[in-house]
Amino acid sequence: QEDQDSRLQGNGNQENGRHLHKRRELAKFDKKDPSVVEAQDQIVPVLLDAFNKYKTDNVNRSNILAILAQIGDTRAIPAFEELLDYQEGINETDASKGAEALGTLHSDSSIPKIIAMVRKAQVSRKSRGEGARNRPEEDWIMRAAIEALRTIIMAKPSTPHEEEAVDVLIEILGTTADEQDFFLNMKASAALGDIGDPRAIPILIRGLFMQGRGATIFQQCRVALVKISIENKKLVVDEIVKALKGENMELEADAKKFEFMKGVREEKLGRMLYEIEVDDKAVIDLMMQRLDDNDPAIAGFAAITLGRLGYEPAIPKMVEKLGDKEINMGMVPGIVEAFEYYQVPDQTSDALFEMMTNTDRWDANYRLRGALAFTRVAKGDWYNKYMAAADKEADEETKKQMKEFGERLQAAAECKDDVDCWIAKMGDP
């Protein structure tokens, strides 16, 4: 023990290094092997005794902490928990390591103490005044806490501390990028998706629209909602419909504060409806109503959503709108994209061909967009008629691009339903 004491005080560095290496090697072995258990029973008490004895030896305490975390012995839990009550500016890094180790050990009884560590970091930030931002060390603490809570609850979903842990993760996700590293919002959204608690649905919907420091967390929140919808599809759909109707009050406050662009709600929430494969009548009815909205952005994104959902009864209405000379041009791109999603050539090819060829009504950009959509939708037997129309295009650059698009129809005419033929075409540079 005296020899161990001297090593931990920094003497005999070479010998100390060898022992540290051996202990780290121990962590790589099968922990159920009798010889490993015997060695662990000898080493862990000595390490814990040294850890508790040398309170001011931060370097070696940190080394011991790393070894204990690698070994993964539950007898180390009190030592890891002690570190969570950190001193600002002194041992915050060890607090992060302590939380990480408790997560690795799946210590659900430690959840209240991990949460207390988070609260301490939050109080510290708020004490510096309104609008203050986390110090980097506080961001590290929060990051470690998020991962620990995620790991513990996934391992022990029935823990009595699940609700309070999810509440903290929801709070972190709802904190602005002006107050903390936006990476924490990303981590919190992913953790909530992995845990799968439906109480997180409203904040995750709100997170679809969050931005911070030039970044978004749309993808993380999208994936989280898809995961939660596996067992709670109706709850997710109901909350999306509420958001579309303007009944998610926190999202409404964000929309006002950050001046959301028109149609962005329909675009992002519509994509979510497609991701979770919604066929709910209330959703379809709402999108059909939005298709008649006076705002072209809203109507356009409603069309895209209906196309993604494959709701074919909406096609005649869209075809009618596209043929209306009084249509607000802002919704045209949405209808055209919807036709591409539908892939129903018998109902949409004529309208797209008219858009491509009617020079009196459509300018070159719209005609080109119509041509592109047409070649993505129409059958191969349209090829000759399409190329003849492209030859009549007066603008040389537009004609060139139209003919390039026509290669798709040529392939469709040659390959039809022959998969091998299509594969060969796709591999042809």
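Predicted model: local features only at pLDDT ≥ 70, side-chain atom pairs only at ≥ 80, totals over all residues.
Local features were considered only at pLDDT of at least 70 and side-chain atom pairs only at pLDDT 80 or more, while totals for chains, interfaces and linings use all residues. Residues are numbered from 1 along each chain as its sequence is written, and side-chain values use heavy atoms, with hydrogens and water left out.

The protein chain contains 23 helices and 2 strands, where helices (H or I, at least four residues) and strands (E, at least two) are DSSP runs numbered from the N terminus. The C-alpha trace spans about 95 × 50 × 40 Å along its principal axes. The radius of gyration of the chain is 30 Å, whereas a compact globule of 429 residues would have a value near 22 Å; the radius is taken over C-alpha atoms, and the globule rule is 2.2 Å times the number of residues to the power 0.38. Of the 429 residues, 49% count as buried (buried means under 20% relative accessible area, exposed over 50%, and partly exposed in between, with a 1.4 Å probe and protein chains only). Contact means heavy atoms within 4.5 Å. Among contacts between residues at least 6 apart in sequence, 68% join residues at least 24 apart.

The largest pocket holds about 510 Å³ of space. A pocket is here an open set of points on a 1 Å grid over the protein atoms alone, where a 1.4 Å probe fits, with protein on both sides within 12 Å along at least five of seven lines; lining residues have an atom within 4 Å of a point. Grid points are joined across faces, edges and corners, and the volume is the space filled by probe spheres set on the points. The lining comprises 19 residues, and F209, M210, Q211, D254 and F258 lie nearest the centre. Helices α13 (249-258) and α14 (264-275) each supply at least two lining residues, and the largest share, 4 residues, comes from α13. By class, 9 lining residues are nonpolar, 4 polar and 6 charged (Ala, Val, Leu, Ile, Met, Phe, Trp, Tyr, Cys and Pro count as nonpolar, Asp, Glu, Lys and Arg as charged, and the others, Gly among them, as polar).

Helix α5 (residues 77-84) is largely enclosed by the rest of the structure, because 6 of its 8 residues are buried. These are I77, A79, F80, E81, L83 and L84. Their cover includes α3 (34-53), α4 (58-71), α6 (92-104) and α7 (111-127).

F218 lies in helix α12 (residues 218-244) and is buried, at 9% relative accessibility. Not counting residues up to four places away in sequence, F218 touches G207, L208, K268 and R271. D391, in helix α21 (residues 383-391), is partly exposed, with a relative accessible area of 41%. Beyond its neighbours within four places in sequence, D391 is in contact with K399 and K403. D391 and K403 are 12 residues apart in sequence, with 8.1 Å between their C-alpha atoms.

Most residues other than glycine have a negative phi. E259 is placed in the loop between α13 and α14 and is exposed, with a relative accessible area of 67%. E277 sits in the loop between α14 and α15 (281-290) and is exposed at 64% relative accessibility.
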